[in-house]
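Colleague: I have a model open and want to learn how to read it. Please take me through the main features.

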Amino acid sequence: MTSKLWKLAYEKGSRVIVAFDTISAEPDLIAESIEEYAVGLKIGLPFLLRWGSEAIRNLCRKYGESLYMLCDMKLADIPYVVSEALILIKELGFDGAIAHVFQGGIQEFSKLPGRPDLFGLIAMSHPQSTLIDAHFEDLLKAVVDAGAEGCVVPATKPDIIRRARRLAPGLTLLAPGIGAQGPQPGSAIGAGADFEIIGRSVTLSEDPGSACKAARDAINAIIKKQLLR
Ligand code: BMP
């Protein structure tokens with residue numbers, strides 16, 4: 001799976017997934033401005049609580065062809081509840097979902113028929129995530145063994161990205177933490193990630209379209225350099 005994500009990435013020449021958590025304007029306005037430059041849209045819990053599930057359904061309906069729709073509610077529950085949530089996530093129109101791995105049970109909910117693409121979170125970008133980071137190799141193994149499509153790796157910790165890339169060459173690696181959390185666009189791809197997740201530096205920018213385009217171009221310059229190497 002993840003074929004839609006990769007297909008759109010090649011068609012649009014973009015590895016940018018924009019995170020909608022806190023946004024500075026109507027969702028539709030921002031989605032429209034980044035549609036051309038981003039490959040996907042990641043919707044988080046603050047967005048759901050502020051705008052509601054109908055707004056999400058509308059975004060999926062309107063942008064679901066041109067953008068890969070990724071649901072990020074940080075699922076971390078018993079496999080039965082995660083499975084229920086994954087069914088509803090798919091019904092809303094999402095292509096993929098992020099789930100935590102540390103709670104155990106990914107082997108079970110990854111078997112759910114008709115589920116969205118699954119990205120297991122194996123380490124986090126904030127400095128305090130020491131407990132989860134200490135176990136990232138075990139968590140990565142659980143993701144691979146479960147047959148999930150990919151995992152979330154921290155852009156702020158390139159050594160973890162490099163190690164994950166080496167240990168799991170076939171997984172799609174999504175890296176959040178670009179921009180507002182420090183790292184420059186392109187740095188996570190340079191370390192081995194496949195996609196960069198960018199939130200505030202696009203969504204709170206005065207011109208989200210230009211900010212997204214600039215990130216896309218910076219990432220593409222790094223990819224070009226890698227190809228020429
Ligand atoms: P921002 O670029 O505004 O920091 O947003 C980053 C996004 O990536 C947020 O949606 C956040 O939930 C997510 N994220 C993260 O920042 N670090 C992680 O380790 C995992 C995430 O999913």
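Modeller: Start with salt bridges: a side-chain nitrogen of Lys or Arg within 4 Å of a carboxyl oxygen of Asp or Glu. A search of the whole structure finds 14. This is a predicted model: local features need pLDDT of at least 70, side-chain atom pairs count only at 80 or more, and totals for chains, interfaces and linings use all residues. Residues are numbered from 1 along each chain as its sequence is written, and side-chain values use heavy atoms, without hydrogens and water.

Colleague: Which side chain does Lys4 meet in a salt bridge?

Modeller: That of Asp95, at 3.0 Å, N to O. Lys4 is in helix H1 (residues 3–12) and Asp95 in the loop between helix H4 (79–92) and strand S4 (96–100), so the pair ties together parts 91 residues apart in sequence. Helices (H or I, at least four residues) and strands (E, at least two) are DSSP runs, numbered from the N terminus.

Colleague: How many residues surround the ligand?

Modeller: Near means a heavy atom within 4 Å. Here 16 residues surround the ligand, with Asp21, Lys42, Ser125, Gln181 and Arg200 the closest.
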